[in-house]
Amino acid sequence: MVARADKRALKAVLIDLSGTLHIEDTAVPGAQEALKKLRKASVAVKFVTNTTKESKRSFKNKFAWQENEIFTSLSAARSLIEQKNHRPLLLVEDSALEDFTGIDTSEPNAVVIGLAPEDFNYQTLNKAFRMILDGAPLIAIHKARYYKRKDGLALGPGPFVTGLEYATDQKASVVGKPEQTFFIQALSDLGCSPSEAVMIGDDARDDVGGAQNAGMLGILVRSGKYREGDENKISPPPHLTCDSFPDAVEHILQHLL
Amino acid sequence: MRIQHSNMAATGWPECAKSLKGVILDLCGVLYDSGEGDGVAISGSAAAVKKLKESDLQLRFCTNETQATREKFVGKLQRLGFDISVSEVFPPAPAAIAVLKERGLRPHLLVHDGLLDEFDGVDKSNPNCVIIGDAAENFSYKNLNEAFTVLIGLEKPVLFSLGQGRYYKETDGLKLDVGVYMKALEYACDLKAEVIGKPSPTFFQSVLNDMGLQPHEVLMIGDDLVNDVGGAQRCGMKGVQVRTGKYRQIVSRDFSSC
């Protein structure tokens with residue numbers, strides 16, 4: 001292929017999971033074939049996710065990924081907790097607790113919030129609130145506004161984190177997308193800089209906006225939680241907006257390699 | 001009620017008291033602490049209210065109470081020993097109902113069960129707005145999701161928050177107030193709520209209108225620095241902060257450990 005003046009040498013593709021590759025238990029049509037094509041090309045592939053609903057192991061079982069190909073906001077949270085020696089109150093789903101095995105949770109002195117609808121009740125939030133007022137740091141695995149369930153959109157952890165920030169006049173440390181450090185950390189073992197990588201996702205702000213802020217290219221797909229007009233909500237707009245993951249892969253194979 | 005004297009020195013107390021013609025009192029955290037049953041009267045408050053009533057000063061009660069109808073919580077205060085009647089009390093729900101009428105709106109309600117009766121005559125079919133109050137246990141994930149679903153389904157989503165408080169004090173500790181859930185829904189739906197109740201200037205003005213007084217002739221006493229004292233002072237009234245209720249001595253935090 002003739003090299004164009006504005007073409008970056010693409011070395012890595014980061015792929016969002018929930019809403020991009022699969023919607024709950026169903027793979028996006030054509031996703032598995034597109035992924036195979038991408039793997040044959042000379043790029044590294046990594047799966048990045050804020051979905052705190054499942055731990056790394058359960059993804060591996062679904063799409064036959066390698067352990068080191070998956071980077072989650074849970075892994076980012078665990079790093080932070082270990083770094084600071086926190087004993088966390090973990091408001092995350094049972095299936096995500098696995099990622100925190102070995103961490104001391106007795107007499108918690110930090111609050112960690114993921115997607116945990118059963119914990120977003122008045123009593124548990126009051127407990128978290130009082131801990132933060134007493135000095136416990138608030139760590140948000142991510143601040144997604146909502147996510148897509150089979151029965152429609154449902155509140156993510158973002159609204160509850162925002163509420164607790166307001167209640168306590170404290171700012172949460174956010175470890176997941178769209179934080180820059182999340183994307184940089186995800187690329188760190190691939191030996192490439194952000195300008196040599198592209199991110200594919202269904203969340204304009206958290207996937208595409210976040211990646212582009214970190215120096216990557218972003219491709220927005222119209223699946224999952226995407227809603228009409230989302231591409232206009234970020235600046236600069238996505239490098240590309242296309243119907244779904246297979247279309248994104250086609251574009252990469254034809255124009256970015 | 002203990003009064004914070006240092007602020008008064010700055011605003012010319014006691015000279016400014018001579019021009020006072022009216023007093024507005026907050027209820028929860030000033031006259032009583034809510035909790036099990038009727039809650040607990042704050043020591044000395046009932047006697048202080050009696051003294052105010054015996055003076056020439058006009059007296060009104062301005063509250064963001066939204067866990068019960070006016071009749072119910074006035075009844076509770078009377079049982080706690082306070083000389084208080086419904087016509088002297090200004091809570092947000094009646095003000096909200098007036099706004100709904102004015103703008104032809106039909107609400108989806110996320111409020112405490114005790115407040116529902118206040119909305120009896122209101123058309124709630126096919127809602128085109130959401131009203132949240134201090135719903136306490138009703139702030140379940142399921143209920144919040146329902147409110148969120150109504151809002152994102154509207155072409156012009158409108159969210160009314162009855163007050164915007166961060167937390168209040170009950171006998172068994174501090175609890176999250178409606179403002180927290182207002183911020184949650186604002187963030188989720190990317191919209192700004194309209195606050196009905198303290199510290200909205202329109203709300204304070206409706207009380208002043210009822211008293212027939214100008215702001216500079218009135219003093220507001222409250223435990224909430226932002227919603228009571230701040231709100232009142234922004235309208236031109238004088239504000240007194242009491243160290244009961246939700247008042248907390250703020251200790252500087254060590255940010256390096258965060």
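A salt bridge here is a side-chain nitrogen of Lys or Arg within 4 Å of a carboxyl oxygen of Asp or Glu. By that rule the side chains of A:Arg205 and B:Asp190 meet in a salt bridge, at 3.6 Å from N to O. The count between chain B and chain A is 1.

Before going on, the conventions. This is a predicted model, in which local features need pLDDT of at least 70 and side-chain atom pairs count only at pLDDT 80 or more, while totals for chains, interfaces and linings use all residues. Residues are numbered from 1 along each chain as its sequence is written, chains are lettered from A and ligands numbered from 1 in the order in which they are written, and side-chain values use heavy atoms, with hydrogens and water left out.

Now the rest of the chain interface. The size of an interface is often given as the accessible area lost when the parts come together. For chain B and chain A, that buried area (1.4 Å probe, summed over both parts) is about 3000 Å², with 57% of it on carbon and sulfur atoms. Contact, meaning heavy atoms within 4.5 Å, takes in 33 residues of chain B and 37 residues of chain A. There are 11 residue pairs in polar contact across this interface, both residues at pLDDT 80 or more. A polar contact is a pair of N or O atoms within 3.5 Å; within protein, one must be able to donate a hydrogen and the other to accept it, and residues adjacent in sequence count only if both atoms are side-chain atoms.

On the side of chain B, helix H5 (141–152), strand E9 (167–170), strand E10 (173–176) and helix H6 (178–189) each supply at least two residues. Helices (H or I, at least four residues) and strands (E, at least two) are DSSP runs, numbered from the N terminus. The largest share, 7 residues, comes from H6(B). By class, this side has 17 nonpolar, 8 polar and 8 charged residues; Ala, Val, Leu, Ile, Met, Phe, Trp, Tyr, Cys and Pro count as nonpolar, Asp, Glu, Lys and Arg as charged, and the others, Gly among them, as polar.

An automatic or database domain assignment divides chain B into domain 1 (3–90 + 198–254) and domain 2 (92–195). The contact takes 24 residues from domain 1 and 22 residues from domain 2. The two bury about 1900 Å², of which carbon and sulfur atoms give 51%. In domain 1, B:Thr66, B:Gln67 and B:Lys246 lose the most area to domain 2, together 35% of what that side buries.

Across this domain interface the rule finds 2 salt bridges. B:Arg70 forms a salt bridge with B:Glu118, the closest N and O atoms being 3.7 Å apart. Helix H3 (70–79) and helix H8 (225–234) each supply at least two residues of the domain 1 side.

B:Thr69 lies in the loop between strand E4 (58–62) and H3 of chain B. Is B:Thr69 buried or exposed? B:Thr69 is buried, at 6% relative accessible area; buried means under 20%, exposed over 50%, partly exposed in between (1.4 Å probe, protein chains only). Beyond its neighbours within four places in sequence, B:Thr69 contacts B:Gly114, B:Leu115, B:Asp117 and B:Glu118.

Last, H8(B). Its buried residues include B:Asn227, B:Asp228 and B:Val229, and the buried residues of H8(B) pack against helix H7 (201–211), strand E12 (218–222) and strand E13 (238–241) of chain B. At the start of H8(B), a side-chain oxygen of B:Asp224 comes within 3.0 Å of the backbone nitrogen of B:Val226. After H8(B) comes B:Gly236, with a positive phi near 100 degrees.
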